[in-house]
Amino acid sequence: MIRTEELLLNVGPQHPSTHGVFRIVVKLDGEVITEATPVMGYLHRGTEKLAENLNFTQIIPYTDRMDYVSAMTNNYVLCHAVEKMMGLEIPERAEFMRLIVMEMQRVASHLVWWGTYLLDIGAMSPFLYAFSDRERILQLFNELCGARLTYNYMRVGGVKWDAPEGWIAKVKILVKDMYNRLDEYHNLVSGNEIFLSRIKGIGKYDAKTAIEYGLSGANLRCTGVKWDLRKAEPYSLYDRFDFDVPVGKNGDCFDRYEVRMEEIVQSLRILEQALEQFPGDGETMGKVPRVIRPPAGEIYVRIESPRGEIGCHIVSKGKAEPYRLKFRRPSFVNLQILPKLLVGESLTNLVTILGGIDIVLGEVDC
């Protein structure tokens, strides 16, 4: 029998995306993890406290930085909360623009996850293909709002700018091309024996555990729970479109992989329908007071971001700045299950499990 000693190992500060802001302290018995403690706070910016001294339009750029690969959905959750408090009516064309960019953002976000996840576990080519396709989406966003990452595109009452001439036609071409690209992705990766051996049966948990930990997004749906806020509590124009909610059954890394890949397909379905129904003309901003002052009170709204449920809680005293602002950040909540998943696993599975959760550290430490 081989004698082993307990080893305390600092993994990080690092992250599979190499941002250098996340540390896991693991105790090892040989190569088996006996305890894991996530350490956060390296990127804390005090966003929610800073918001108390900003008007609501000034807060929007801060939501970009919370999830820098899904800025559009973060823009929306803040604007949507303020609009509900004020009872604002959003022009149809503006709401279509919002929905289109949010679903494009979901595709782009999942492409980042797919490419970096495969890179983390040893495959180079998928990363290059994913970022090549994501680049097309970023170029379209750049044409729309002049930015490639932190868009600051949405406004309380609508959007900053209308789509430039020919932009909708370019998005239609992108959607058509992405279907073909997904087939190539599956041929390259999804049936690969080495890939399957790395992720099948790894990081398993059941639906009861997922609900107890408050998981959302693919991390919840991989257990068979059919919960997507676009269906369960429709917002924007989602109730107009036909799409499915992908679910898994085993709750392992492979099911989380399959759910996210199918979510790209469903986003493309939504985009197809939205582009066909896109209004020929109309306003992109509703009737909004010059100074935005929500009435005294509080509200909580939630939407489905690429990483799960993101919520915004606003307490207003009737002033131009929020009295209190709190975001429910999906990555922060989803990360809580990590110690449970790692205990009993080998050290080589740490990155496989962490990457499968798909966290963005801006949402963990904002």
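Which elements each supply at least two residues of the lining of the largest cavity? The legends below take up this question first and then turn to other close-up views of the model, which is a predicted one.

**Figure 1. The largest cavity and its lining.** Helices α4, α6 and α11 each supply at least two residues of this lining. Among these elements, α6 provides the largest share, namely three residues. The residues that line the largest cavity are Met-104, Val-107, Ile-137, Leu-174, Val-175, Met-178, Leu-268 and Leu-271. By class, eight of the lining residues are nonpolar, while no polar and no charged residues take part. The space inside the largest cavity amounts to about 30 Å³. The count of cavities of 30 Å³ or more comes to one.

**Figure 2. The second largest pocket and its lining.** The volume of the second largest pocket is about 160 Å³. Its lining consists of Leu-118, Ile-121, Gly-122, Ala-123, Pro-126, Leu-188, Val-189, Asn-192, Ile-194, Phe-195 and Arg-198. The most is given by α7, with three residues. Sorted by class, the lining of the second largest pocket has eight nonpolar residues, two polar residues and one charged residue.

**Figure 3. The packing of helix α11 against helix α14.** Two packed helices are described by the angle between their axes and by the distance between those axes. Here, helix α11 (residues 253-277) and helix α14 (residues 350-357) meet at an angle of about 35 degrees, and their axes lie 10 Å apart. The crossing in which α11 passes α14 is left-handed. On the side of α11, the contact is made by Cys-253, Arg-256 and Arg-260, and on the side of α14 by Thr-352, Ile-353, Gly-356 and Ile-357. This contact of α11 with α14 comprises three nonpolar, two polar and two charged residues.

Figure 4. Glu-95 counts as buried because its relative accessibility is 9%, which is under the limit of 20%. Apart from residues up to four places away in sequence, Glu-95 touches Tyr-76, Ile-90, Ser-236 and Leu-237.

**Figure 5. Leu-237 in the loop between α10 and α11.** Helix α10 covers residues 229-232, and Leu-237 lies in the loop between this helix and α11. Leu-237 has a relative accessible area of 8% and is therefore buried. When neighbours within four places in sequence are left aside, Leu-237 is in contact with Glu-95, Phe-96 and Leu-99. Leu-237 and Ile-60 are 177 residues apart along the chain, and their C-alpha atoms are separated by 21 Å.

**Figure 6. Thr-284 in the loop between α11 and β6.** Strand β6 is formed by residues 297-305, and the loop between α11 and this strand holds Thr-284. Is Thr-284 buried or exposed? With a relative accessible area of 14%, Thr-284 is buried. Thr-284 touches Pro-91, Arg-93, Ala-94, Gly-157, Gly-158, Val-159 and Asp-162, not counting residues up to four places away in sequence.

Key:
Residues are numbered from 1 along each chain as its sequence is written. This is a predicted model: local features need pLDDT of at least 70, side-chain atom pairs count only at pLDDT 80 or more; totals for chains, interfaces and linings use all residues. Side-chain values use heavy atoms; hydrogens and water are left out. Axes are lines fitted to C-alpha atoms, for helices over the stretch in contact, and angles run from 0 to 180 degrees between N-to-C directions. Helices (H or I, at least four residues) and strands (E, at least two) are DSSP runs, numbered from the N terminus. A crossing is left-handed if the near helix is turned anticlockwise from the far one by less than a right angle, and right-handed if clockwise. Contact means heavy atoms within 4.5 Å. Ala, Val, Leu, Ile, Met, Phe, Trp, Tyr, Cys and Pro count as nonpolar, Asp, Glu, Lys and Arg as charged, and the others, Gly among them, as polar. Buried means under 20% relative accessible area, exposed over 50%, partly exposed in between (1.4 Å probe, protein chains only). On a 1 Å grid over the protein atoms alone, a cavity is a set of points where a 1.4 Å probe fits but cannot get out, and a pocket is an open set with protein on both sides within 12 Å along at least five of seven lines; lining residues have an atom within 4 Å of a point. Grid points are joined across faces, edges and corners, and a volume is the space filled by probe spheres set on the points.
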